[in-house]
Amino acid sequence: MWMTKANAKRITLRFHTDGQLLAISHPSVSQSVVEEVIRKQANWIQKTRSHLLSERDRTYYRLQSGEQIQVCGKNYKFIVQPSHQDDPLRLKVDKDEHLTFFIPEHTQPEELAESARQLLIQWLRKKGSSWSTMRAEIWESRMNVKSTQIRVKEQKTRWGSCSSQGNINLNWRIFLAPLDVIDYVLVHELAHLLEMNHSDAFWRIVKSHLPHYQECIQWLNHHGRSLDVQLIVKS
Ligand SMILES: [Zn+2]
């Protein structure tokens, strides 16, 4: 994609969250000059794009110290700490964004991967819940609506839902998405408090609060399936 900006001093290359390249230049710069810059930067473009995509489209995480996971737009680091075989498997989260797994010795890898995943999901639901409560306060006053309750649940096929009683359910997986995408799902459900359908009027409400909402829908269409946590345990 090519965009011109009257105040652009030089040609800038940037990436969209979906991996699309955006070139910005002054209107006087011809397309062939921009193309030449892109050709010269081909290596860098290729490398940056694949890095971007691999970092974002993650479903699998290694259960080992140093592994990182992005939740509600923040990077969290795994720490693996062995514990006595009689202690239960546990997960501790501290202020420094460390997720410490205390793993009893002699736990079978398959059992460990599943139990640790459940602990992680449990935490994701808690984290997502407090994040949504905090964000809902802001959006509800902007949109002049009030939800009854927001819950973060296990949902297989939907990112969110809203009942006529004003109860909003959100899928825990959405909290692995970029922040503006999480916001979009929240705003979408809150907009249903005003319009219980997907009419033009509904989308007008969403757009008035999130002008770029279509990019969020596109992001979900492209990457939604990668929003999951599967843990890999070295045996
Ligand atoms: Zn809807």
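**Close-up views of a predicted model**

**View 1. Strand S8 and its partners.** In S8, Gln81 has Phe102 as its bridge partner. The model shown here and in the views below is predicted. Strand S6 (residues 74–83) and S8 run parallel, joined by seven bridges. On strand S7 (residues 90–93) the pairing with S8 is antiparallel, with four bridges. Lys92 of the chain faces Thr100 in S8. Val93 has Leu99 as its bridge partner in S8.

**View 2. The two faces of S8.** Strand S8 spans residues 98–104. In a regular strand, side chains alternate between the two sheet faces. Which residues of S8 make up the covered face, and which the uncovered one? Leu99, Phe101 and Ile103 lie on the covered face. His98, Thr100, Phe102 and Pro104 lie on the uncovered face. Two of these names return from View 1: Phe102 is the bridge partner of Gln81, and Thr100 stands opposite Lys92.

View 3. The hairpin of S7 and S8 has four residues between its strands. In this hairpin, Glu97 takes a positive phi near 60°. Most residues other than glycine have a negative phi. His106 sits in the loop between S8 and H3. Its phi is positive too, about 65°, although His106 is not a glycine. Is His106 buried or exposed? His106 counts as exposed, because it has 7 C-beta neighbours inside 10 Å.

**View 4. The three-stranded open sheet.** Strands S9, S11 and S10 form an open sheet in the order S9-S11-S10, with mixed pairing. Strand S9 (149–153) and strand S10 (160–162) are at the edges, and each has a single partner strand, so one side of each lacks a neighbour in the sheet. From one strand to the next, the twist averages 15°. S9 and strand S11 (residues 167–171) run parallel, with five bridges between them. Within this pairing, Gln149 has Asn167 of S11 as its bridge partner.

View 5. Helix H3 (residues 109–143) lies across S9 and S11. Its direction is at about 150° to S9. Helix H4 (residues 179–191) also packs on the sheet, where it touches S10 and S11. The direction of H4 makes about 20° with that of S10.

View 6. Asn144 has a positive phi near 60°, in a residue other than glycine. Asn144 is exposed, because 8 other C-beta atoms lie within 10 Å. Val145 is partly exposed, because 16 other C-beta atoms lie within 10 Å.

**View 7. Contacts of Val145.** Which residues does Val145 contact, leaving aside its neighbours within four places in sequence? The contacts are Glu140, Leu190, Leu193 and Leu194. Val145 and Leu193 are 48 residues apart along the chain. Their C-alpha atoms are separated by 6.8 Å.

**View 8. The crossing of H4 and H5.** A packed helix pair is described by the angle and the distance between the two axes. The axes of H4 and H5 come within 10 Å. They cross at roughly 135°. H4 and H5 are therefore oblique to each other. Their crossing is right-handed. H4 contributes Val187, His188 and Ala191 to the contact. From H5 come Phe202, Ile205, Val206 and His209.

**View 9. Confidence along the chain.** The mean pLDDT of the chain is 91. A value of 70 or more is reached by 96% of its residues. Which element of the chain has the lowest mean pLDDT, and which the highest? Helix H2 (residues 42–56) has the lowest, 76. Helix H5 (residues 200–209) has the highest, 98.

Conventions
Residues are numbered from 1 along each chain as its sequence is written. This is a predicted model: local features need pLDDT of at least 70, side-chain atom pairs count only at pLDDT 80 or more; totals for chains, interfaces and linings use all residues. Two strands pair if DSSP finds at least two bridges between them. Axes are lines fitted to C-alpha atoms, for helices over the stretch in contact, and angles run from 0 to 180 degrees between N-to-C directions. Two residues are in contact if their C-beta atoms, placed from the backbone, lie within 7 Å. A residue is buried if 20 or more other C-beta atoms lie within 10 Å of its own, exposed if 12 or fewer, and partly exposed in between; C-beta atoms are placed from the backbone. pLDDT is the predictor's confidence in each residue, from 0 to 100. Angles under 35 degrees count as roughly parallel, over 145 as roughly antiparallel, 65 to 115 as roughly perpendicular and the rest as oblique. A crossing is left-handed if the near helix is turned anticlockwise from the far one by less than a right angle, and right-handed if clockwise.
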